Amino acid sequence: MPNFDFGTPVSAPSLAAYATFADLVERYDVDRIKRLATDDRTEISVADLANHPRITAVLKSAAGRVEVSLFSGARYSRDDLNNLTENSKAYLTDLVCELAMLLLIRARGKNPEEREIMERRCESSLKELSSGKDVFALAPQIDAGLMEHVPITSIDIVNRNLTSDTLRGHLFAN
């Protein structure tokens with residue numbers, strides 16, 4: 001893979017950046033990104049492309065789309081997503097980059113078949129993550145589906161059974 005100088009991307013410090021321009025270029029062809037990002041077909045350097053307003057906008061929008069899906073129901077927080085490691089972080093980055101490419105393709109109105117495939121794949125991934133069918137590798141999410149086995153003692157059984165004895169005469173016929 002060619003070694004690109006991406007310059008220093010401009011970003012607000014408070015924004016959650018789940019994917020960067022460098023991540024986008026690692027996953028998709030830089031020439032295709034250039035064609036999708038520029039309106040007038042002028043030649044643009046990779047460093048200038050890193051700070052291009054459309055690239056910044058689609059990466060922010062894609063990150064926002066992920067947050068909207070995953071923050072619903074308080075399944076994940078921004079801290080959870082920022083603290084993902086290795087494989088889970090790579091999956092999140094892939095998802096954000098694919099959503100960003102989808103937004104670039106939509107802006108051009110080209111490749112309806114490719115756009116439809118990407119939309120289905122992204123929506124499916126977000127739906128499975130937000131519903132809990134798929135989870136990121138965070139202990140609370142992984143353990144959420146595990147049943148906890150609590151041993152029952154004879155005292156517990158007696159206490160449960162006494163409930164009906166206590167209510168006899170009030171709710172039950174003698």
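The model is predicted, with local features requiring pLDDT of at least 70, side-chain atom pairs pLDDT 80 or more, and totals for chains, interfaces and linings using all residues. Residues are numbered from 1 along each chain as its sequence is written, and side-chain values use heavy atoms, without hydrogens or water.

Helices are DSSP runs (H or I, at least four residues), numbered from the N terminus. Helix α4 spans residues 53-71 and α6 residues 86-108. Their axes, lines fitted to C-alpha atoms over the stretch in contact, with angles from 0 to 180 degrees between N-to-C directions, come within 8 Å and cross at roughly 125°. In contact (heavy atoms within 4.5 Å), α4 contributes residues including Arg54, Ile55 and Val58, and α6 residues including Leu92, Leu104 and Arg108. By class, this contact has 13 nonpolar, one polar and three charged residues.

Val30, Ile33, Lys34, Leu36 and Ala37 of α2 are buried (under 20% relative accessible area, 1.4 Å probe, protein chains only). Their cover includes α1 (21-27), α3, α4 and α6.

Thr38 lies in the loop between α2 (30-37) and α3 (46-50). Thr38 counts as buried because its relative accessibility is 7%. Its side chain reaches the backbone oxygen of Lys34 at 2.9 Å. Leaving out residues up to four places away in sequence, Thr38 touches Ile44, His52, Arg54 and Arg108. Arg54 and Arg108 also take part in the contact of α4 with α6.

Note on methods
Helix = DSSP H or I, 4+ residues; strand = E, 2+ residues; numbered from the N terminus. Buried < 20%, exposed > 50% of the residue type's maximum accessible area, 1.4 Å probe, protein only. Polar contact = N/O pair within 3.5 Å; in protein donor to acceptor, adjacent residues only side chain to side chain. Nonpolar A, V, L, I, M, F, W, Y, C, P; charged D, E, K, R; others polar.
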